[in-house]
Structure formats: C-alpha cells, structure tokens
Amino acid sequence: MTSLRVLYQPCTVVLLLVLCLILETGQGQENRDNLLSLNMSVSQLQRENEFSVTFTVTNNMDKCMVVEISTEDNPNITYLTAHAKYTACICDTHNYFWDIDASANTVIRGKAEVVSAKNICPDGEILYPETGFMKFATADIIVTP
Ligand SMILES: *[C@@H]1O[C@H](CO)[C@@H](O)[C@H](O)[C@H]1NC(C)=O
Ligand SMILES: *[C@@H]1O[C@H](CO)[C@@H](O)[C@H](O)[C@H]1NC(C)=O
C-alpha cells in the first residue's frame, strides 16, 4: 500500500498541475476575448441603397483603452461621409457612424483594435495594460430593388 501511494502521488500532482494550467489558460482567453463588445447595425436612409451604419464599441474592463475603429474597404460600398477611421479613448461605450451607398447586397465589416497611441486618453489616465487586441463585427446590407 505504502509503495503504491508513493508511486501514484507524483502523478496526481502532475495531473492537477496540468488541469490547473488548462483551466487558467481557458479563463485567461475568455477574459481577453471579452475586452471589448461590438455591435454593428445598419438602417436604411430615404434612398433604397443608402444606409446609416452604427458601430457600438463597449469597453468591458475597468480601465480605459485607446481603440482604433474602422470599417474595411468593400467594392460594393461607397462612403457618403468620409471613410473615417477613428482613434479614441474608450472607457465605457461609444458609437461611431458612417453613411454609405451600397451598389449590391454585401456585408460591412468593422474592426476595433486596442492600440498604444499617445495623447489620446487624458494625461494621467491609467490604461488597460495590454494592446494589440483586435475584434471584428459585421452587418448584412440588403439592397431592396
Ligand atoms: C445591436 O444593435 C441593435 C440595433 O441598435 C439592437 O437591436 C441589438 O439588440 C444590439 N445587439 C446587442 C448584442 O447589443
Ligand atoms: C458585390 O456585389 C456583387 C454583385 O452582387 C457580388 O457578386 C459580390 O459578392 C459582392 N462583393 C462583396 C464583397 O460583397
């Protein structure tokens, strides 16, 4: 019995360590995926192929982040307002808007990336320590004939 216990104990310890590592990694990743929540929505304007695009970016952490917000080039989309890219200090929720003209059904894809640009957040603001996190959101654009 004694020898069995001696033999098995190291394995148990190793197994527990591996389990803990797996659990911890899983949790870490889940948190990272959750830094920002995005919602992209599209509503039709007066003309059938003109739309207003709203991209909502929410910071889920308790510290501000510098976020670069953009939409990807798409051959079926023309920007009525400028195809602006925004860099903003996001501490809670912000909305970004573009007016577009769509020549055919398509999908608009928005991107939010946590960057390390200087002088965007107020001086002295303690920022979330990681940058490089990137997330995408899409919205279908249906051009009714
Ligand atoms: C996204 O925005 C649309 C339009 O404002 C809203 O109906 C929908 O509930 C939002 N979805 C989420 C997940 O917040
Ligand atoms: C643009 O529209 C054309 C014609 O409907 C379609 O074949 C193509 O897949 C669309 N491209 C994109 C990126 O949506």
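Predicted model: local features only at pLDDT ≥ 70, side-chain atom pairs only at ≥ 80, totals over all residues.
View 1. For one of the pairs, find T78 and then look across to strand 6, where D101 is its bridge partner. As a reminder, strands of a sheet pair through backbone hydrogen bonds, and the pairing can be parallel or antiparallel.

View 2. Step back, and you can follow 4 strands in the order 1-2-6-4, with antiparallel pairing. Which strands stand at the edges? They are strand 1 (36–44) and strand 4 (77–79). Each of these has a single partner strand, so one of its sides is left without a neighbour in the sheet. From one strand to the next, the twist averages 35°.

**View 3. Five residues surround ligand 2.** Here you can pick out N74, N76, A104, N105 and T106 around ligand 2. What kinds of residue make up this shell: nonpolar, polar or charged? The shell holds 4 polar residues and 1 nonpolar residue, with no charged ones.

**View 4. N76 and T106 each bring a side chain to an oxygen atom of ligand 2**. Look at N76 to begin with: a polar atom of its side chain lies 2.3 Å from an oxygen atom of the ligand. Now turn to T106, where an N or O atom in the side chain is 2.5 Å from an oxygen atom of ligand 2. On its own, ligand 2 has 360 Å² of accessible area, and the protein covers 37% of that.

Methods:
Residues numbered from 1 in each chain as written. Chains lettered and ligands numbered in written order. Heavy atoms only, no water. Pairing = 2+ DSSP bridges. Helix = DSSP H or I, 4+ residues; strand = E, 2+ residues; numbered from the N terminus. Axes fitted to C-alpha atoms, helices over the stretch in contact; angles between N-to-C directions. Near = heavy atom within 4 Å. Polar contact = N/O pair within 3.5 Å; in protein donor to acceptor, adjacent residues only side chain to side chain. Areas by Shrake-Rupley, 256 points an atom, 1.4 Å probe, with all protein chains shown as cover. Nonpolar A, V, L, I, M, F, W, Y, C, P; charged D, E, K, R; others polar.
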